Amino acid sequence: ENAMADTVAELLPIIDNLERAAAYSADSSVKDGLVMIFKSVEAAFSKLGVEAFGNPGDKFDPNLHNAVMHSEDESLGEGEITDVFQKGYKKGKHIIRFAMVKTAN
């Protein structure tokens, strides 16, 4: 399990860059291709039992998230995640990478 987690950790920067590129909307054909690649990597991770976590609206958990920014906003809940800079990934109980997030309150 640790060997596979190390392997997946090496692939995470690629996934991050693909996700960023897929958000770029200047040329739809490039975007479509990147989205297909990103979805295929997600499918492969799913088959390997690797799960992504860390979404806006989730409750901050120091066992899963690394808060790198904080804001005060009365319209949001205590410890609510407002932004995700990098998704976290885990396999079973093994955290491969903590989610890098911004929290409120």
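Modeller: The term buried means under 20% relative accessible area, exposed means over 50%, and partly exposed lies in between, with a 1.4 Å probe and protein chains only. Please note that this is a predicted model, in which local features need pLDDT of at least 70, side-chain atom pairs count only at pLDDT 80 or more, and totals for chains, interfaces and linings use all residues. Residues are numbered from 1 along each chain as its sequence is written, and side-chain values use heavy atoms, with hydrogens and water left out.

Biologist: What makes Asp16 and Arg97 a salt bridge?

Modeller: A salt bridge requires a side-chain nitrogen of Lys or Arg within 4 Å of a carboxyl oxygen of Asp or Glu. In Asp16 and Arg97 the closest N and O atoms are 2.9 Å apart, and the pair forms a salt bridge. Asp16 belongs to helix H1 (residues 2-22) and Arg97 to strand E5, so that distant parts of the chain, 81 residues apart, are linked.

Biologist: How many salt bridges does a search of the whole structure find?

Modeller: The search finds 2 salt bridges. Lys87 and Glu19 also meet in one through their side chains, at 3.3 Å from N to O. Because Lys87 is in the loop between E3 and E4 and Glu19 in helix H1, this pair ties together parts 68 residues apart in sequence.

Biologist: Are Lys87 and Glu19 buried, exposed or partly exposed?

Modeller: Lys87 has 21% relative accessibility and therefore counts as partly exposed. Glu19 has a relative accessible area of 27% and is likewise partly exposed.

Biologist: How are the helices and strands defined, and how many does the protein have?

Modeller: They are DSSP runs, helices being H or I with at least four residues and strands E with at least two, numbered from the N terminus. The protein has 2 helices and 6 strands, and along the sequence these follow the pattern α-α-β-β-β-β-β-β.

Biologist: Why are strand E1 and strand E5 called edge strands?

Modeller: Two strands pair if DSSP finds at least two bridges between them. Strand E1 (50-53) and strand E5 (94-97) each pair on one side only, and they are the edge strands of an open sheet of 3 strands, with the order E1-E4-E5 and antiparallel pairing. E4 and E5 are joined by 3 bridges in the antiparallel sense; in E5, Ile95 is the bridge partner of Lys90.

Biologist: What is the order of the open sheet with mixed pairing?

Modeller: This open sheet of 3 strands has the order E2-E6-E3. Its edge strands are strand E2 (65-71) and strand E3 (80-86), since each pairs on one side only. E2 and strand E6 (residues 99-104) run parallel and are joined by 6 bridges, and Ala104 in E6 is the bridge partner of Ser71.

Biologist: Why is the pair of Phe45 and Tyr89 called edge-to-face?

Modeller: Rings of Phe, Tyr and Trp (its six-membered ring) pair if their centres lie within 6.5 Å; planes under 30 degrees apart count as stacked, over 60 as edge-to-face and the rest as tilted. By this rule the count is 1 aromatic pair. The ring centres of Phe45 and Tyr89 are 5.8 Å apart and the planes stand at 80 degrees, so the pair is edge-to-face. Since Phe45 is in helix H2 (residues 28-48) and Tyr89 in strand E4 (residues 88-91), parts that are 44 residues apart in sequence are tied together.

Biologist: How do you know whether Phe45 and Tyr89 are buried or exposed?

Modeller: Phe45 has 6% relative accessibility and therefore counts as buried. Tyr89, with a relative accessible area of 4%, is buried too.

Biologist: Which residue in the loop between E2 and E3 counts as exposed?

Modeller: Glu74 lies in that loop, and because its relative accessibility is 84%, it counts as exposed. Glu74 and Val41 are 38 Å apart in space, C-alpha to C-alpha, and 33 residues apart in sequence.
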